[in-house]
Each structure stands twice: as C-alpha cells, then as structure tokens.
Amino acid sequence: MNDFLVDDLARMSDEDALRREFHAVNVRRLEAVLWNIAGLLFIALMRVLPGNRAASALFVVDFVLNSAFLAFAWVLRKRVLAILKGTRAPEGPAAVVARNPSSWIVGYLAVQFVLMLIYSFSGDAWFLWPMMFAWLVVGLRLQTSELLLLHTLLLFTLAVGAFFAGALTGSKQPEVGGFIATAFLNVIAFGVSVVWTRVHRKQFLASWQKAKAGAMEQIRMREELRVGRELQLSMLPEAPPRLRRLDLSGVSLPATEVGGDYYDFLPDENGGVAIVQTDVAGHGLASGLMLAARRGALTLLRPELHDPAAVLRRLHSVVTQTTRSRLLVTAVILLIDEEGREATLANAGHPPVILRRDGAPAELIELFSPPLGTRLSPEIQSRRLVLGPGDLLVLHSDGAWEAQNPAGEIYGLDRLLRHVEAQPAAASA
C-alpha cells in the first residue's frame, strides 16, 4: 500500500484498502495454486491414459484449460497488481480482472473442484482430491462470507458425490466414510482460513492506519507549505518601478515550496531606488518565516537607505537578536541615484554583483564581508559606482549558478558571467 500516491492513500477507506490488499494477496498466490492443480492433473492423466480413453480426453482438455488459465494469470499478474496498488491506470483485460480478481479465482477453483471430483469417482480413493483441495485454498485471503460460501459449495458437492461414488464403483452403499473424512478436513481448513484471514486483517489495518495517518500529515504539511509559498510570493514586488533612465526587472523561483530568497525595490527619500536582495541559508518553512522578518525590518529601516552599509548593520542586529539558533543571511543593497548616475553598493556575504559596462567585458564586484547573523563584527563593506548609458548590473543569489543539470554538473559563476556578457546592448532587463 505504500506505492499509492499520498492523496489516494489519504482518501481511501479502511475497507477499500483491505479489499485491495486481499485481492493482491490472492493474485500473488494464484500461480502456486494453479501449478499444484496442473501437477495433480498431470499425475492423474498418466494414471488413466493407458486404460480409459474417454477419461484421458477429459483430463487432457482440463489440463489445457488449466494451463491456459495459468498463462493468462502469469501475463496479467503484474498489471493487475499495479492497478490494485494504484500505480497503473485501469485499462484492458487487466482492468476487468482487477475490479474483483478474488471472484474470478474462486469461480475458477469451484469449477475445477467439481471437474476433478468427477474424475476422481472412477477411482477408489476419490476423496483424496477434495482433501487436498481444501488445503490448496487455505492461502487465499477471502472475507468470512466468501469462505463460508466456498466451503459450503465444497461440502454440498461432496455430499452429492458421496452418493454417486458408490454406484460408480459398484457399491450400493454411499461413500459415507470418505465424505465424513473430507468434510472434517474442510471444516478444519475453513477454521484455519478464517483465523489466518483475521490475523492478516488485524496486522494490515494496523500498518495501513499508520500509513494513512502519515499521508494525511504529509497533506497537512504540504498545504501549510503551499500557503507559505503563496505568502512568500505575495511579499515579493508584483512589478518593478518605472523609471526614466533605469530599466529594472526581478524574479524569484524557489527551489522548494518555500525558499529563502527575497528581493525588493525600495524608493529612497532622496528620489533614488534601493534594490535589496537577501538569502537565508537553506530552504523550507523556517527560511520563509525569516523572509517576513527581513521584509518588516527593511520597511522600518527605509529612512536609512541613503546609507546601505548602515542598514545592513542594523539588519544584522535584527537577525542575531530575533533567532535563538544561529541563522545565516546574506544580503546586498544597491542604492541607485538616477539623477546623479551613480550607485552605492553594500554587501554582506552575498554573491558578487555582476557589472557589464557598455562595450566592456563583464566583471565581478566582490566585497568581502561576513553574512548577517554570524558572531563576527558586522564590518560591512560598501563601494560607490559611476554608471553610464548601457551599463548592466545583475544581482543574484547562489541558486542561479549552483543549479545542476541531470549529469550533476554545476552551472557555475563563470558561465553566468559569460551569459551576462553575451547579452546584446539593446536587451531589456
């Protein structure tokens, strides 16, 4: 049952799960039963072949039918089990069988029992086959009502056969002794089947309910992560501000449901714009919650954006004082003065900003400062840049160049640098 999708597992009732489990057990054990029947048919065929052509013909027909059913079961076994486990779409003959494979199995075995019983009447020990058959079906997992119906059919057939067996063997008395012996063994086999089935039911439901509870917990956590993702994306800017001399663009694609990246465009009181980007080490809900704290702190510190390094130092205090465990946050602030055509860059452990001046190769602006949240002194480095027409600045998190292809090859910072360098001068942000 662990193969089921989480949603299907959580929605499935206990009885439906138990029914599928019993069907799967019966399908898996059917081959062993059919091979045993084929062996018995072959042995019987070898015994009657020399002296009784009519009986031999019947045995041959039955042997061929059993072999065909065995081949049919072997071909469909994996498909039926896959449908029962929910890992394959129901289609074709396997879907027809998978609706109720136990009924097909019981129906075939009932017909085979009657045929074998008829064949057995020609011998003195006709009751041996019913004795063996009763134990062949012990391994099947059927509901108590189905077991009762099957064994009642067997006993009724035995009762009828006991009266006819005597006439066929030349005796005027019914084969009462053989009937009592086989009936007794059938009752014992019925009891064993009921006990084993109840034990299997109890064990399966215990593990199933545990798995179902785990699936429901996964769905609850997934829903919380979905809400967290929506909350995180709602905190990101819907669109960059429209400025006369600057073309801005930003995007965040979380690697998991909730990521640790945050960026924003914050207007400066002096008419400029501050581009802020932060990244919490790791992924998950904790990183997403920290995002909300960073956004709130940056909103309160907006009046101080004229000094990006000072804002990062204040943000460092917020990170260290509001988290019990050490949490590392990298951050970069790029304050752009549109009118003065210059920018101030402050970096706290964040990947270097890429600068490509018009007509020149791209370069990395590396400022070596520790991340926010460390126990080190928050010595935030900053740098002033003079910007000209056509200059391109790229702020990014490590997720942009630490991404791996299926072969495990990392994209790499150098490749990202070359990609930025290859962009046409007239390309938009």
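Analyst: A search of the whole structure turns up one cavity of 30 Å³ or more. Here a cavity is a set of points, on a 1 Å grid over the protein atoms alone, where a 1.4 Å probe fits but cannot get out. The largest cavity has a volume of about 160 Å³, a volume being the space filled by probe spheres set on the points, with grid points joined across faces, edges and corners. Its lining has 13 residues, and those closest to the centre are L30, F72, A73, V97 and I105; lining residues have an atom within 4 Å of a point.

Analyst: Before we go on, a note on the model: it is predicted, with local features needing pLDDT of at least 70 and side-chain atom pairs counting only at pLDDT 80 or more, while totals for chains, interfaces and linings use all residues. Residues are numbered from 1 along each chain as its sequence is written, and side-chain values use heavy atoms, with hydrogens and water left out.

User: Which helices supply at least two residues each of the lining of the largest cavity?

Analyst: Helices (H or I, at least four residues) and strands (E, at least two) are DSSP runs, numbered from the N terminus. In this case α2 (14-48), α3 (53-85) and α5 (101-120) each supply at least two, and α3 gives the largest share, six residues.

User: Now a single residue, please. Is A38 buried or exposed?

Analyst: Buried means under 20% relative accessible area, exposed over 50%, and partly exposed in between (1.4 Å probe, protein chains only). A38, found in helix α2, counts as buried because its relative accessible area is 8%. Leaving out residues up to four places away in sequence, A38 touches F63 and N66, where contact means heavy atoms within 4.5 Å.

User: What about S193 in helix α8: buried or exposed?

Analyst: S193 sits in α8 (residues 176-235) and has a relative accessible area of 1%, so it is buried. Beyond residues up to four places away in sequence, S193 touches V137, V138 and L147.

User: Which side chain does D261 join through a polar contact?

Analyst: A polar contact is a pair of N or O atoms within 3.5 Å; within protein, one must be able to donate a hydrogen and the other to accept it, and residues adjacent in sequence count only if both atoms are side-chain atoms. The side chain of D261 makes one of 2.8 Å with that of S397. D261 belongs to strand β1 (residues 261-267) and is partly exposed because its relative accessibility is 23%. S397 lies in the loop between β8 (392-394) and α11 (413-421) and, at 8%, is buried.

User: How many helices and strands are there in the chain?

Analyst: The chain has 11 helices and eight strands. Of its 429 residues, 41% count as buried.

Conventions
1 Å grid on protein atoms, 1.4 Å probe; cavity = no way out; pocket = protein on both sides within 12 Å on 5 of 7 lines; lining within 4 Å.
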